Amino acid sequence: MMKILISVILLIIMVVQTYAESASASQNKDPPLVVSTCKNTPHYRLCLAVLRRSPRSAKADVWELALIAVGAVKTEAERAMDAIKKVRKGGEGKEVAAALKQCEEVYDAVLEGDVQEAEEGLKLGDPKFAENGMADAVVEADSCEGGFAGVGKSPLSRVNSAVHDIAEVARAIIRNLL
Amino acid sequence: MATHSPPYDLEGAMSYSPIPAGPHRTSSAAEPHRPKKLLARILFSSFLLLSLVLLVVNQRPAKLDIVETTPSTSVNDFSPARPLTEPPSRGVSMGASEKVFRRVSGGELTFSWSNVMLSWQRTAYHFQPEKNWMNDPNGPLFHKGWYHLFYQYNQESAVWGNITWGHAVSRDLIHWLHLPYAMVPDQWYDVNGVWTGSATILPDGRIMMLYTGDTHDVVQVQCLAYPADLSDPLLLKWVKYQNNPVMVPPPGIGHKDFRDPTTAWLSPDGDKWRITIGSKINTTGISLVYETADFFKYELLDGYLHEVPGTGMWECIDFYPISLTESNGLDTSANGQGIKHVMKVSLDDDKNDYYALGTYDPVKNKWTPDDPELDVGIGLRYDYGKYYASKTFYDQNKKRRILWGWIRETDAEALDILKGWASVQSIPRTVVFDQKTGSNILQWPVEEVESLRSDSLEFNAKLEPGSVVPIEVDSGSQLDIVASFELDKETFEVTTEADIGYDCPTSGGAVNRGMLGPFGIVVLADENLLELTPIYFYIAKGPHGKVETHFCADELRSSVAPDVDKIVYGSKVPVLDGENLTIRSLVDHSIVESFAQGGRRVITSRIYPTTAIGGAARVFLFNNATRASVNASIKIWKMSSANIRPFPLDQL
């Protein structure tokens, strides 16, 4: 009787293990560099998701992985700009309008300044400027979000949060190059 | 029952495994039925359990639409190779926990910058171009009556990129006149950037400028340029050597780890020149040495001039002799009795400039630090504030060793883009050996800056514990302040309790009171002290009566704006018996350079107040200690503008 119980439990464990492995393996096996690089960022899962999006990550070195992450920040910042335009049409109050304007300036800086500088720094081989750019992007996203404090619910929380976190990931990846 | 287990396979896992027939029990009649029912129950619950487990495991990870992610709940099981917010601890408590980047203070983040506030930030007597981005100072030199400064510049925007060499000249290192670009990225070997370099003036007067070019396939190489016309005091036109590049990354050195060649010094035989270039192998910072007879052909010497593990990439190496006995500077080739060599690196990793004193053996091509515990990269810094990519040159005009440093902005980049410019250069500093301590250099603003002094006032006071004394200065944005503090002897003797563990960056600034500190000056403050920047000393009496003096610049309340850095910079400063505590502070709008004990420690701060600007900026003396009374004397000069503007070339 005991032996049956044990056998069944062992069977369950085996099944679960195999399934779990195949579940993650079914996510096109991550290259070891991607896994180890992402482990050194504050948002492991997010990092994996970001890098997996690009087919280049399969054969990428750390410079290239960093560029992919910076590209993801750029995508989110562009989304933020779109979101700002959409939200604007709503006939909002003066304070909310001011906060939105600030966000527009902020994301302009993220695209024209931070992302630009980060891509240059990585492509040209002076990574500290790339780190600066991504660190600033974090601050800029916070600055946009903070503009709504005491004014109303921020319509941009999700995208601000995304920019914040992906920029932190990008920065962490870049630090490996210094 | 049989003891062997049936083979496991995915398909067979869920199927029923019949119990091999065993010996028939002969006891009670009810019993033969129970094992089957129990087994069925076990299998059924196992099935349920398995299904439950599979359901959980089978959760797909975060969707590809990243906006949906709530990242703050994501798995956070990382072990950082390099910590993000705290740079790796470097030697003695030297600003080790400085946050490298801007923080946004919590709470009320709704704030708007006005044009008045932003335009106030431009400096009056520090070098900066009329607009756009600047970084490293390059190739400083003196030629035919003019001091020259070149610098990394972006013609197109207020962020780094598209780097050219800006150029300016001055008679006195203070009044600068802008000239046209010296070099632009117009060759295949520097099309991606005409990066940092240094000048060597040969005994016959020729000037050799070595600089890093970033090639069209993004390889870092070293290139030679020289003036088109040496008789031109303004050195307007430069020629790039037709056979550039003259050095390419050697085997084993990364294509992106090879930049910033130094000024050359003579080899021991006097027939060749040597330069050093920083790089890294894994995380060990290294200095490669090349030798050349003509500046065209170079030979890489064996070994490294020096290396320090764990410091990462060495940028902007500087290597120069310093006299132990004289107060003048030395030509870069000097060596011999009574001379030590300073080795300095800019660490890519934590964005600070480190230096160490040591001995250079030119025969072995090795430099050895006087104190390996304070080796370059882990010991002393030139400046405990915002200061990077610094470079010295020998000023043969006045026989001085002069130091330039790049001071970047510490506000959000969005503001740099708004205001249309970013970065200034420090006021040039003389560098001499500190003969009193024997273990550091002294930096001091060049005396020519004193030509900007106009009206002055003096004031003396005894500052009781907890006092704040306003100084009658009506416009506090352009000042040269010299302050001296002496602790009341009695309180000093009486205070016996130990006060250990003080460190400027973690101190919380001037609000936190100790028995013997903090006390000092307050600059860029409004009259209500809503915005203020204390520059202060904090004396900590350690166990066994050992005294430590800390010198700090506190930006925590420097501005109500949320999107600027607010850090307490600083470090310990050696104070010898009988010395008063002295501060010299050059205030120039958004930059404050503060020197303690005659330049033993220096802190450069970038300050961005919103109300403590223009006519509203004030100066105070303060003593926030709980026990000590402090005798303070202060002299303040107003500083005129250096009127930095384009050179009137049309009048030549």
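Among contacts in chain B between residues at least 6 apart in sequence, what percentage join residues at least 24 apart? For such contacts in chain B, the share is 66%, where a contact denotes heavy atoms within 4.5 Å. The model is predicted: local features need pLDDT of at least 70 and side-chain atom pairs count only at pLDDT 80 or more, whereas totals for chains, interfaces and linings use all residues. Residues are numbered from 1 along each chain as its sequence is written, chains are lettered from A and ligands numbered from 1 in the order in which they are written, and side-chain values use heavy atoms, with hydrogens and water left out.

Chain B contains 5 helices and 36 strands; helices (H or I, at least four residues) and strands (E, at least two) are DSSP runs numbered from the N terminus. Of the 652 residues in chain B, 57% are buried, where buried means under 20% relative accessible area, exposed over 50% and partly exposed in between (1.4 Å probe, protein chains only). The accessible surface of this chain is about 26,400 Å², and carbon and sulfur atoms contribute 54% of that area. Accessible areas come from the Shrake-Rupley method with a 1.4 Å probe, and for residues only the protein chains shown count as cover.

Two annotated regions differ in their listed content. In an unreviewed entry, UniProt assigns "domain: Pectinesterase inhibitor" to residues 29-173 of chain A. UniProt positions are given in the numbering used here, feature names are shortened, and annotations may be inferred rather than shown by experiment. Residues 29-173 of chain A are 77% helix and 0% strand, with their end C-alpha atoms 20 Å apart. For chain B, an unreviewed UniProt entry gives "domain: Glycosyl hydrolase family 32 N-terminal" at residues 126-445. That stretch of chain B is 2% helix and 48% strand, and its end C-alpha atoms are separated by 12 Å.

In chain A, helix α3 (residues 44-52) is mostly covered, with 7 of its 9 residues buried. The buried residues of α3(A) are A:Tyr44, A:Leu46, A:Cys47, A:Leu48, A:Ala49, A:Val50 and A:Leu51. Their cover includes α2 (32-39), α4 (62-88) and α7 (157-175) of chain A.

The cavity search gave 4 cavities of 30 Å³ or more. On a 1 Å grid over the protein atoms alone, a cavity is a set of points where a 1.4 Å probe fits but cannot get out, and lining residues have an atom within 4 Å of a point. Grid points are joined across faces, edges and corners, and a volume is the space filled by probe spheres set on the points. The second largest cavity has a volume of about 70 Å³. Its lining draws on both chains, including A:Asp126, A:Lys128 and A:Phe129 together with B:Trp160, B:Arg259, B:Asp260 and B:Glu315. The elements giving two or more residues to this lining are α6 (127-146) of chain A and, in chain B, β1 (132-143) and β5 (194-201). By class, the lining residues comprise 3 nonpolar, 3 polar and 6 charged; Ala, Val, Leu, Ile, Met, Phe, Trp, Tyr, Cys and Pro count as nonpolar, Asp, Glu, Lys and Arg as charged, and the others, Gly among them, as polar.

B:Asp260, one of the lining residues, lies in the loop between β8 and β9 of chain B. This residue is buried at 4% relative accessible area and has a positive phi of about 70° although it is not a glycine. The loop between β8 (238-240) and β9 (265-266) also holds B:Pro245, and the peptide bond from B:Asn244 to B:Pro245 is cis, with omega near 0°. A cis peptide bond also joins B:Gly517 to B:Pro518, with omega near 5°; B:Pro518 belongs to strand β27 (residues 516-525) of chain B.

The loop between β6 (207-214) and β7 (220-227) of chain B includes B:Thr215, which is buried at 2% relative accessibility. Beyond four places in sequence, B:Thr215 touches B:Trp188, B:Tyr189, B:Asp190, B:Val191, B:Asn192 and B:Val221. B:Val218 is located in the loop between β6 and β7 as well; this residue is partly exposed at 23% relative accessible area, and its phi is positive, near 45°.

B:Gln121 occupies the loop between α3 (115-120) and β1 of chain B and is buried, with a relative accessible area of 0%. Leaving aside neighbours within four places in sequence, its contacts are B:Trp113, B:Asp411, B:Lys419, B:Trp421, B:His589, B:Ser590 and B:Tyr608.

Terms used: 1 Å grid on protein atoms, 1.4 Å probe; cavity = no way out; pocket = protein on both sides within 12 Å on 5 of 7 lines; lining within 4 Å.
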